[in-house]
Amino acid sequence: MEHRLNEIDEMIVHEKMQVALEHQSDAWADGVADGIEPEILADAALATAMRETVRLFGEDGAEALVEQLKERILSGEFSPLRSVQ
């Protein structure tokens, strides 16, 4: 039963992530349509994400997240050429 609940929780988190990514993509497209350069949008998105991360988890937690992101970047997780299945 516990295993099944964990699977359901993971599915819910996955669905929420997909919806959140759609919202982010829509906001990005709106910014580009308004003439904002992608590098400015990226900087604003990262600044907003880091402020919220520090608010939620503190500076140490944010630092840990940055370390995890570094590993994910180096492994190619965010590469535009990477195909996600």
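Okay, let's start inside helix α2, where L41, T53 and A62 are buried. Before I go on, keep in mind that this is a predicted model. So what covers those buried residues of α2? Part of the cover comes from α1, residues 2-33.

Now look at the shape of α2 itself. The helix runs over residues 38-74, and that makes 37 residues. A straight helix at 1.5 Å a residue would reach 54 Å, but here the end C-alpha atoms are only 21 Å apart. Where is the kink in α2 centred? On F57, with an angle of about 120 degrees.

After α1 comes G35, with a positive phi near 90 degrees. After α2 you find G76, and its phi is positive too, near 90 degrees.

A45 and Q24 are 21 residues apart along the chain, and their C-alpha atoms are separated by 9.0 Å.

On to the charges. In general, side chains of opposite charge can pair when their charged atoms come close. How many salt bridges does the structure hold? Three.

Let's take the one in α1. E7 pairs with R4, and their closest N and O atoms are 3.9 Å apart. That still counts, because the cut-off for a salt bridge is within 4 Å. E7 and R4 are three residues apart in helix α1, so about one helical turn separates them. Both are partly exposed, E7 with a relative accessible area of 31% and R4 with 49%.

Then there's R55 with E52, where the closest N and O atoms are 2.5 Å apart. Both lie in α2, again three residues apart, about one turn of the helix. R55 counts as exposed at 57% relative accessibility, while E52, at 35%, counts as partly exposed.

And finally R72 and E77, whose closest N and O atoms are 2.7 Å apart. R72 is partly exposed at 32%, and E77 is partly exposed at 29%.

That's my tour, thanks.

Conventions. Residues numbered from 1 in each chain as written. Predicted model: local features only at pLDDT ≥ 70, side-chain atom pairs only at ≥ 80, totals over all residues. Heavy atoms only, no water. Helix = DSSP H or I, 4+ residues; strand = E, 2+ residues; numbered from the N terminus. Expected span 1.5 Å × (residues − 1). Bend = angle between axes of the 7 residues up to and from the residue. Buried < 20%, exposed > 50% of the residue type's maximum accessible area, 1.4 Å probe, protein only. Contact = heavy atoms within 4.5 Å. Salt bridge = Lys/Arg side-chain N within 4 Å of Asp/Glu carboxyl O.
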